[in-house]
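I opened a new notebook page for this structure.

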Amino acid sequence: MRELLIRQKQVLFFIIAGGLSAVVEIGSFKLFSTYIPHFFARETNFHGIHYPLSNIFSTSCGIITNYFLSIWFVFERGKHSKSKEFAYFMGVSFVSTLFSLGFFQIFYSFIFKDNINLIFYTLSPEMISKIAAILLVSILNYSVKKKVIFNG
């Protein structure tokens, strides 16, 4: 019973840490996708890839935030040294970033074509695509980080 409560607590903390990381990632994506096209005009469509730099930079901000929140609040240290743990975390995050970029491109190019009006804020197709990609990849992230990096 105690183990079940600990596991549920860990999932709850992972959701909170992931939510905070997503806020950092989405906020920085909004910032980057607003300003980078002023300096790099092809940012909106670079050989068929939409917002590549904005995605990479914002995902990096989210990953770094998530790493620190994960080691402080979510997972206990595994059997790896801190440097190995960080390297594994970054490796998994790199692969997750590729998945996230791929999902973003699919969502942005084929699925989300219109704005969504939330009364107090309107979500653009790129923001909706970014949010959807984050949600999809976060499920994979929890499983891999728990089993591979933090062992338990």
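UniProt annotations may be inferred rather than shown by experiment. I kept that in mind for the record, an unreviewed entry, which lists residues 12-36, 56-75, 87-107 and 127-144 as "transmembrane region". The model I compared them with is a predicted one.

Entry on the annotated stretches. I checked two of them. Residues 12-36 are 100% helix and 0% strand, with the end C-alpha atoms 35 Å apart. Residues 87-107 are also 100% helix and 0% strand, and there the end C-alpha atoms are 30 Å apart.

Entry on helix 3. I found that helix 3 covers residues 82-111, 30 residues in total. From first C-alpha to last it reaches 40 Å, close to the 44 Å expected. Its buried residues include E85, S96, Q105 and Y108.

I looked up the largest pocket, which holds about 430 Å³ of space. Its lining has 24 residues, and the closest to the centre are G18, E25, I134, S138 and N141. Helix 1, helix 2, helix 3 and helix 4 each give two or more residues to this lining. By class I noted 10 nonpolar, 12 polar and 2 charged residues.

Entry on the rings. I counted 13 aromatic pairs. Y67 and F68 are edge-to-face, because their planes stand at 75 degrees with the centres 5.3 Å apart. Y67 is buried at 5% relative accessibility, whereas F68 is partly exposed at 36%. F103 and F107 are stacked, 6.3 Å centre to centre with 20 degrees between the planes. These two sit 4 residues apart in helix 3, so about one helical turn separates them. Ring pairs also link Y67, F68, W72, F86 and F89 into a cluster.

Technical notes
Residues are numbered from 1 along each chain as its sequence is written. This is a predicted model: local features need pLDDT of at least 70, side-chain atom pairs count only at pLDDT 80 or more; totals for chains, interfaces and linings use all residues. Side-chain values use heavy atoms; hydrogens and water are left out. The expected span of a helix is 1.5 Å times one less than its number of residues. Buried means under 20% relative accessible area, exposed over 50%, partly exposed in between (1.4 Å probe, protein chains only). On a 1 Å grid over the protein atoms alone, a cavity is a set of points where a 1.4 Å probe fits but cannot get out, and a pocket is an open set with protein on both sides within 12 Å along at least five of seven lines; lining residues have an atom within 4 Å of a point. Grid points are joined across faces, edges and corners, and a volume is the space filled by probe spheres set on the points. Ala, Val, Leu, Ile, Met, Phe, Trp, Tyr, Cys and Pro count as nonpolar, Asp, Glu, Lys and Arg as charged, and the others, Gly among them, as polar. Rings of Phe, Tyr and Trp (its six-membered ring) pair if their centres lie within 6.5 Å; planes under 30 degrees apart count as stacked, over 60 as edge-to-face and the rest as tilted.
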